[in-house]
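User: I have a structure to study and a few questions about it. Can you take me through them step by step?

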Amino acid sequence: MKLAITTIDAFTNSPFSGNPAAICLLDGKLTEQQMQTIAMEMNLSETAFVEKIAEADSFSLRWFTPTVEIDLCGHATLASAFWMEKAGWIKSGQTIRFQTRSGELLVKSDGEWIEMNFPLISTFEKEHPFFENEFFGAKITHSAKLKGNWIFELEDAAAVENCEPDFTLVKNHSEEGIIITAPGKNSFDIYSRYFGPNIGIDEDPVTGFAHCALMDFWYKKTKKSKLKAFQASKRGGELHLEKREDRVIIRGQAVKVLSGEIEF
């Protein structure tokens, strides 16, 4: 069996930056095990599988890390929408209705940008039982909990950029992972990074779902409903966020870097 597969860099307009996702536009059914095996082979933070839903104006979308299927992924959703338009699956400007483990997600292109309507992820202040005051030498000024993950606010953007975590300790003291964040610099409101060794990703280059929680975290602190965000991984990526009641609008760009076939 042959399957077309494409790699898209998301949350960037330059190849070899942002977050790469492998995208499969399916003409037929794959089993969950086949999807997981393909994701393991691609060995990117996420591989996405898109399938047309018969007799419905919507699409099934599933996301897999190299080790597990996950509930929500921003960059692979953006990459899927980008490639669906380029491949002729949808028309330019069309709103896509994705059916996912996180409910229906609405995505549409807006010129060079793609706009995603995601759920706001609630956070609440809580002190971490292990990382109480510092995170690998960086002072924690505030900490918060969300489902499966933690947020640690550090003193400044430099502390986020320079952090060198021990991934074994992160793995042992988190369910899924840890988000670090700080007020931004230059034109950005916030900086962040995400470490998720328990889901097969030591560091995710740019993380859409994390910003669904970061929007809640920073809104509670600043009351700003619009944020320009930068994820300060080695590859780096830019996201524009807007809180609309219990939803987050995430805007980003994408670029194709590779197309091919996988045989199995």
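User: Which residues do ring pairs link into a cluster?
Analyst: This is a predicted model. The structure holds 16 aromatic pairs. Ring pairs join one group into a cluster: F130, F131, F135, F136, W150, F152, F167 and F195.

User: Are the planes of F131 and F136 stacked, edge-to-face or tilted?
Analyst: The ring centres of F131 and F136 lie 5.4 Å apart. Their planes meet at 55 degrees. Stacked needs under 30 degrees and edge-to-face needs over 60.

User: Is F131 buried or exposed?
Analyst: The cut-off for buried is under 20% relative accessible area. F131 has 4%.

User: Which residue in β18 is the bridge partner of K243?
Analyst: Strand β17 covers residues 237–244, and five bridges join it to β18. The two strands run antiparallel. K243 also has its charged end over the ring of Y219, 4.6 Å from the centre. In β18, the bridge partner of K243 is V248.

User: Which residue in the hairpin of β17 and β18 takes a positive phi?
Analyst: Two residues lie between the strands of this hairpin. The phi in question is near 55 degrees. The residue is E245.

User: What is the bridge partner of P119 in β18?
Analyst: Strand β8 spans residues 113–119, and β18 spans residues 247–252. Six bridges join them, and they run antiparallel. L105 is in contact with both P119 and R247. The bridge partner of P119 is R247.

How values were computed:
Residues numbered from 1 in each chain as written. Predicted model: local features only at pLDDT ≥ 70, side-chain atom pairs only at ≥ 80, totals over all residues. Heavy atoms only, no water. Pairing = 2+ DSSP bridges. Helix = DSSP H or I, 4+ residues; strand = E, 2+ residues; numbered from the N terminus. Contact = heavy atoms within 4.5 Å. Phe/Tyr/Trp six-rings, centres within 6.5 Å; stacked < 30°, edge-to-face > 60°. Buried < 20%, exposed > 50% of the residue type's maximum accessible area, 1.4 Å probe, protein only. Lys NZ or Arg CZ within 6 Å of the ring centre and 35° of its normal. Lists of a residue's contacts leave out its neighbours within four places in sequence.
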